[in-house]
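Here's a quick briefing to read with the model open beside you.

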Amino acid sequence: MKAAVYTVYGSPKVIQIQEVDKPTPQPHEVLINIRASSITRADTMMRQGTPKFGRFFVGLFKPKNPALGTGFSGIVEAVGNQVTKFKIGDAVFGEKLFSNGTNAQYICVNQEGIIVSKPDHLSHEQAAPICDGFLTSYSFLKDIAKLQSGQHILVNGASGSLGTAAVQLAKYMGARVTGVCSAKNGTLVKSLGADKVIDYKETDFTTGGTRYDVVYDTVGKSSYKACKNIISDNGVFVTPVLSFETLRYSLFKPKQVKFSATGIRKQHVLKALLTELVPLFKQEKLQTVIDRTYRLEQLVEAHHYLETGRKVGNIVISQS
Ligand SMILES: NC(=O)c1ccc[n+]([C@@H]2O[C@H](COP(=O)([O-])OP(=O)(O)OC[C@H]3O[C@@H](n4cnc5c(N)ncnc54)[C@H](OP(=O)(O)O)[C@@H]3O)[C@@H](O)[C@H]2O)c1
């Protein structure tokens, strides 16, 4: 089968599409014929080996795991002899954490892992990126920020993968939503449910008089220090992007500043969150925003585009 492989850290050109052995499912695993997979900012960090301290975990001098890709959507093609939750022919989607090889034709996933049935009306391309933007932002809004109905949230980076998901989720959770994005993405962010949109190139949102219960800086372009005057007394600044400043504040002001890495939360917690999201997709309350779709053979090109930092929503690798 074909799979994306990288054996050294570096620019997108280190990625090769190679012929590798098709995996065989273990007793509790399903073999999935991948129809679409995600390509995310986490993949670029794995490929580059950044931040450098992360190499203690993923390989000091070269990647321990040469595979790429986390999100997947596809069809179960074979099942291990202990599998009870899925059967051959099921359409499923989910995530294999830490770039575990979904940019490929096949993967094996444990039935207890982050894998659920795909709603019929969603295409594989729409389902594959759900665990990046939606699962991360749901984890942040529900568990980290504990967003409540009636609260006011500001989503910085409202046009990214996490941002487009956060705007929709926050609206669904009953919050008042202000989205920060550039003018070219304002119409999209409003259409996703934002009550108000601020163009970050025109207006510094940290200087307005409005105070927010939650500031969710999805892109790590702001900081608690910059935002502290716009956060209400019991409010919170949350971000999925770790900086030295965020780390320092989250240690000294843990109630006001919170960072979380969704990937290191327990699998059963993430699976439970994903299971809560599925009915919202079925009811068409949530929609995946897709910017560009590439073929597996175009993964290098896709990584180059990802690195521009300009993508709107998600990028998908399609094998349909
Ligand atoms: N901790 C975790 O568990 C976790 C999980 C997933 C992702 N992440 C991290 O989350 C971050 C966001 O990822 P993403 O995929 O959603 O988005 P992204 O690809 O990092 O950002 C793309 C969007 O950001 C907008 N943008 C760029 N500069 C901006 C600014 N100064 N203010 C507001 N918006 C700006 C761009 O719009 P314009 O072109 O209009 O500027 C574009 O639509 C990444 O750093 C990723 O590594 C963390």
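R310 sits in the loop between α10 (299–306) and β15 (314–318); helices (H or I, at least four residues) and strands (E, at least two) are DSSP runs, numbered from the N terminus. With a relative accessible area of 45%, R310 is partly exposed, where buried means under 20% relative accessible area, exposed over 50% and partly exposed in between (1.4 Å probe, protein chains only). Keep in mind that this is a predicted model: local features need pLDDT of at least 70 and side-chain atom pairs count only at pLDDT 80 or more, while totals for chains, interfaces and linings use all residues. Residues are numbered from 1 along each chain as its sequence is written, and side-chain values use heavy atoms, with hydrogens and water left out.

**The charged patch**

- R310 gathers with R41, K184, K201 and K221 in a patch of positive charge on the surface.
- Patches are made of residues with over 30% relative accessible area and no salt bridge, joining like charges within 9 Å and nonpolar side chains (Val, Leu, Ile, Met, Phe, Trp, Tyr) within 5 Å.
- For the charges, Lys and Arg count as positive and Asp and Glu as negative, with His and the chain ends not counted; the place of a charge is NZ of Lys, CZ of Arg, CG of Asp or CD of Glu.
- The accessible areas come from the Shrake-Rupley method with a 1.4 Å probe, and for residues only the protein chains shown count as cover.

**Overall build**

- The protein has 10 helices and 15 strands.
- Along the principal axes, its C-alpha atoms fill a box of roughly 60 × 45 × 35 Å.
- Of the 320 residues, 54% count as buried.
- Helix α4 is largely enclosed by the rest of the structure, because 13 of its 15 residues are buried.
- I230 is in the loop between α7 (224–227) and β12 (231–239), and at 0% relative accessibility I230 counts as buried.

**Salt bridges**

- The count comes to 8 salt bridges, taking one as a side-chain nitrogen of Lys or Arg within 4 Å of a carboxyl oxygen of Asp or Glu.
- E307 pairs with R47 in a salt bridge whose closest N and O atoms are 2.2 Å apart. This pair links distant parts of the chain, 260 residues apart: E307 is in the loop between α10 and β15, and R47 is in helix α1.
- E307 is partly exposed at 33% relative accessibility, whereas R47 is buried at 0%.
- R265 and D143 meet through their side chains in a salt bridge (2.8 Å, N to O). Here too distant parts of the chain are linked, with R265 in the loop between β13 (257–259) and α9, and D143 in helix α4, 122 residues apart.
- R265 has a relative accessible area of 23% and is partly exposed; D143 is partly exposed as well, at 22%.
- D90 forms a salt bridge with K87, the closest N and O atoms being 3.0 Å apart. D90 is buried, with a relative accessible area of 15%, while K87 is exposed, at 55%.

- Most residues other than glycine have a negative phi, and most peptide bonds are trans.
- K146 isn't a glycine, yet has a positive phi of about 50°. K146 follows α4, in the loop between α4 (130–144) and β8 (152–156), and is exposed, with a relative accessible area of 51%.
- E284 isn't a glycine either, and has a positive phi of about 60°. Look for E284 in the loop between α9 (267–282) and β14 (290–294); at 60% relative accessibility, E284 counts as exposed.
- Which peptide bond is cis? The one from T50 to P51, with omega near -10°. P51 lies in the loop between α1 (41–48) and α2 (55–58).
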